[in-house]
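Dear colleague,

Please find below the sequence and structure that I am handing over to you. A summary of what was found follows directly after.

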Amino acid sequence: MTSFNPAAFRAFAAAIGQEWVMTSAEDRISYSDHFAADESKHQPAAAIAPATAEEVRAVVRIANQYKVSLWPISRGKNFGYGGAAPVMKGAVVLDLSRMKKIEVDAENGTVLVEPGVSFFDLYDYLQERKIPLWLSVPGNSWGSVAGNALDRGVGYTSYGDHAARICGLEVVLPDGDLVRTGMGAMKDNPSWQLYKPGFGPSWDSMFCQSNFGIVTKLGLWLMPEPESVQGLDFEFDKPEDLGWAIDTIMPLRRDGVIQQSPSIGNWLRSAAVMTTRQQWTKDKGPLNDKVVTAIREKFKIGWWSVQVRFYGPTEITEASLRVLEKAFDKKPILSKKPAKWTRGDPPEGSPVTGVPVSFPLANANWHGGRGGHIGYSPVLPPKGDLAMDQFKRTYDLYSKFGMDYHASFAMGDRSLTNVNQILYDKDNPDMMGRVDAMFRALVADASAHNYGEYRTHIEYMDLVADSYKFNDHALRRLNERVKDALDPNGIIAPGKSGIWPKALRGERS
Ligand code: ADP
């Protein structure tokens, strides 16, 4: 499938305006994965930016006519997973960032956003109108509300499982049809953002991490501003503390006392954002214990740190805090620090209170040079001993490949996600060679323990999809049957999550 067909581009320009069809070398660079050592590997042929769902439909019809592959993005800030770039080199990025409508139902705590609405846009919208609703934002909140939820991004409040808070979508299907899911299937139904199932099968999750459609509106539940937020910041002294700390927190997570996902992470999380490696050592290879101790002293942190937070009426957050204190009574913690925010206090400026931030992006500077990182995030059962094993094996692989350990364990309702950010300097070819080999070793290690990743970078989507092997890849075969039924020309995001349309299956790596 060739993506750069001049007749197709003339048709796109006629449909949405010449200025929104971007085909120069500079444009191609803009939409590349800026964290990749070789940006050309997944470089798009061009980008086009429609402004309305009707324009998206027109683009999709033209793409079918000329067999042009489209890679939809909302804002394309999916750093660590490929940014704006497509899996398949030469696909055309469908940039939806001009679509910026916001409709808030303040009473019911919901919003309907178009793909271009960023976390900062929505935050400003709510603040300017004094609407007492809070966002859940990812650690680096540069991206869009819709794109993040569709890629199953996570945040730190009790609304942190973003995909789980989706309620109703508007989607342009690969043949240009326009569908609204759930109650939106009934014209002007007032419960589109209120009742998730709808009538008959529910399709919202079908459009998450998939290539079955282009989402043009996304409904999301927002947290009513709580009366108070209370919690504790714990520090733990030793690597081995990870196991019992998880076993102490998880029962409270399971029984609903803790409703957010505490993320227990190591010392490099702070150091990489606030400092550069050069400030600590000139040595290559993983950081030695002396440096780790110096970092911990400077930031007054443990080997591991975790923030636990409760949201709601003060009577309830206070009672919850007492339950948490009791659970940690006599446990060998290094330190704990109380945190409290009460309605009327100025915003804390932190993701745990729903305020978007972008400063964590600074961790790309850790090694100097043109920096970047890649995410590796297997999911495992929420048990301390399994987490300790996972930590030790992964830590050994970081050491073997000479990289600095940067990881956390996020505690979901019933699972642990081991989120790793492998930080690198993409101008260092030796290091980049090691990163690729290390990533493959990490995936092989997870697979050997029957753990799968929840999300991955465009370069490794086939690798990760391949690790879901049950019954000769029955799930991938199902996904591809659906793909072929909905998208016979294979125009939407070929290769996303390892799902290839029939005509392009030979591209699978
Ligand atoms: P962000 O806006 O947070 O930067 P992206 O735009 O990079 O997020 O989106 C993350 C991924 O989710 C994209 O690579 C794409 O595969 C998918 N995606 C994003 N927006 C849409 C959309 N509106 N419709 C379908 N898939 C989307």
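The shell around the ligand is made up of 7 nonpolar, 9 polar and 4 charged residues; here Ala, Val, Leu, Ile, Met, Phe, Trp, Tyr, Cys and Pro count as nonpolar, Asp, Glu, Lys and Arg as charged, and the others, Gly among them, as polar. Please note that this is a predicted model, in which local features need pLDDT of at least 70 and side-chain atom pairs count only at pLDDT 80 or more, while totals for chains, interfaces and linings use all residues. Residues are numbered from 1 along each chain as its sequence is written, and side-chain values use heavy atoms, with hydrogens and water left out.

In total, 20 residues surround the ligand (a heavy atom within 4 Å), the closest being Ser-74, Arg-75, Lys-77, Ser-144 and Lys-496. Of the 550 Å² of accessible area (Shrake-Rupley method, 1.4 Å probe) that the ligand has on its own, the protein covers 96%.

Domain 1 (6–95) and domain 2 (102–224) each contribute at least three residues to this shell; the domain bounds come from an automatic or database domain assignment. That assignment also gives domain 3 (228–460) and domain 4 (461–507).

The C-alpha centres of domain 2 and domain 3 are 27 Å apart, and their contact (heavy atoms within 4.5 Å) takes 19 residues from each of the two. About 1800 Å² is buried between them (accessible area lost on being put together, 1.4 Å probe, summed over both), with carbon and sulfur atoms giving 63%. On the domain 2 side, Tyr-123, Trp-134 and Tyr-156 lose the most area to domain 3, together 34% of what that side buries.

With kind regards

Terms used:
Buried area is the accessible area (1.4 Å probe) that two parts lose on being put together, summed over both.
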